[in-house]
Amino acid sequence: MTNRLQKWNLAFHLQPVSESRDVEIEGSLRISVDWDGERICGVRVFSSRPDVTRALVGGRRAAEVQALLPRIFSICKRAQAAAVEAALDAARGAPPAAARHREMEVLAEVAVEYLWRLRIDLPGLLGLPQRPAAVARLKHELERNRGTGEDWSRFLVALQAAIEEECGGEPFAQGDPEALREWQAACDAPFAQILRALHLAALGHGEKPPYLPCLSDAGLRQIGDALERDVNFAKLPLHQGAPAECGARARLIGHPLWQALPSGTSRAYQRVLARWIELAEIPPQLSRLLAGETPRCRILGVTLAPGHGIAGVETARGLLVHAAELVGERVARYRIVAPTEWNFHPEGALPADLIGLPARAPRELAQRVDLAIQSLDPCLRHDVELVQFHA
């Protein structure tokens, strides 16, 4: 029998929200963590994200919806714009519009999100210096980018400079685990400090949920079928009947580094490392797209039936899905499955990361909970309740 001894709340706002209206529309995550003084013994996750599409989208003309949805959501608005455009095009049975331009915008947005975590959020949690100025400059370059070659060249220069600063101008060979270990131990660059601090945090993990497969035609069709069968799928999505993790770590499932990492390396460490691997690849990807290369399918739309389309976009946090049903040019039904619904499933990655994790003091407990949440990177405001029990 257990009795509650103490309860305290921590509110985290790792991504600023521009207006109170956005909080009401986007909802929030409530995370409750049970602690017995020695280890974490329970985790409960509840999302209050409302179904805004039912109230705001149904019955509108498709052009109105395409303009409205990216303005509703304050986070990853370029990914939202790409998803709604691709879903509506798929519902019409039309080829995707401006695919290369959309791919570049999504990649650039991913880069800014990754650098925000590396320069502001993670250093703040790990007791390292925060460096917001360069992120602000890069975000400014993206906001004023109008799609010209000159704008993209300026953004690329700023992005490459930020990446080189993160690794001290001495990047490790990303396919060589031994090179990573040597670089992490010897380099004093900001990213090396983050990896060392994460390693020292020694975050354990339990049995992991499966990783969501990379974006594909077949995968989107399966999600479309699940949305039709299960009215709760958009809030509690499952892959092959189980919760699944999405994001950079899932997208890099076959990368050689994972096989050679020491046994017990935490998934928080792996997620941060996976984001770095993707970040380092973004400048050459943008350069190739700027030169006219065909997009690499970070955005995909699929026609499910006449008037029914589904689209997926691989964002910084994971797979974003939009599904649209059109009658003429009016939206009859619209559904969204966000990355947070995958990664913060009540039986998914966060409980697997935390339950059983040792923590012998409130400060240690709070940091470990913070790091696990940050490594999964919710796109909602989140509030954490830490509850202490004892026998």
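Begin by selecting β4 together with strand β5 (residues 308-314), which run antiparallel and are joined by 6 bridges; strands here are DSSP runs (E, at least two residues), helices are runs of H or I with at least four residues, and both are numbered from the N terminus. Two strands count as paired if DSSP finds at least two bridges between them. Within this pair, T303 stands opposite G309 in β5.

Before going further, note that this is a predicted model, in which local features need pLDDT of at least 70 and side-chain atom pairs count only at pLDDT 80 or more, while totals for chains, interfaces and linings use all residues. Residues are numbered from 1 along each chain as its sequence is written, and side-chain values use heavy atoms, with hydrogens and water left out.

**The sheet**

Now widen the selection to the open sheet of 4 strands, whose order is β4-β5-β6-β7 with antiparallel pairing. At its edges stand β4 (299-305) and β7 (330-337), each with a single partner strand, so one side of each is left without a neighbour in the sheet. From one strand to the next, the twist averages 20°.

**The helices on the sheet**

Contact means heavy atoms within 4.5 Å, and the angles, which run from 0 to 180 degrees between N-to-C directions, come from axes fitted as lines to C-alpha atoms, for helices over the stretch in contact. Then show α10, which lies across β4, β5, β6 and β7 and runs at about 50° to β4.

**The aromatic rings**

How many aromatic pairs does the structure hold? There are 4 aromatic pairs, where rings of Phe, Tyr and Trp (its six-membered ring) pair if their centres lie within 6.5 Å, and planes under 30 degrees apart count as stacked, over 60 as edge-to-face and the rest as tilted. Select W183 and F191, a tilted pair with 6.2 Å centre to centre and 40° between the planes. W183, at 8% relative accessibility, counts as buried, as does F191 at 0%; buried means under 20% relative accessible area, exposed over 50%, and partly exposed in between (1.4 Å probe, protein chains only).

Move on to F233 and W342, whose ring centres are 5.9 Å apart with planes at 85°, so the pair is edge-to-face. F233 lies in the loop between α10 (217-229) and α11 (248-251), and W342 lies in helix α14 (residues 339-343), so the pair ties together parts that are 109 residues apart in sequence.
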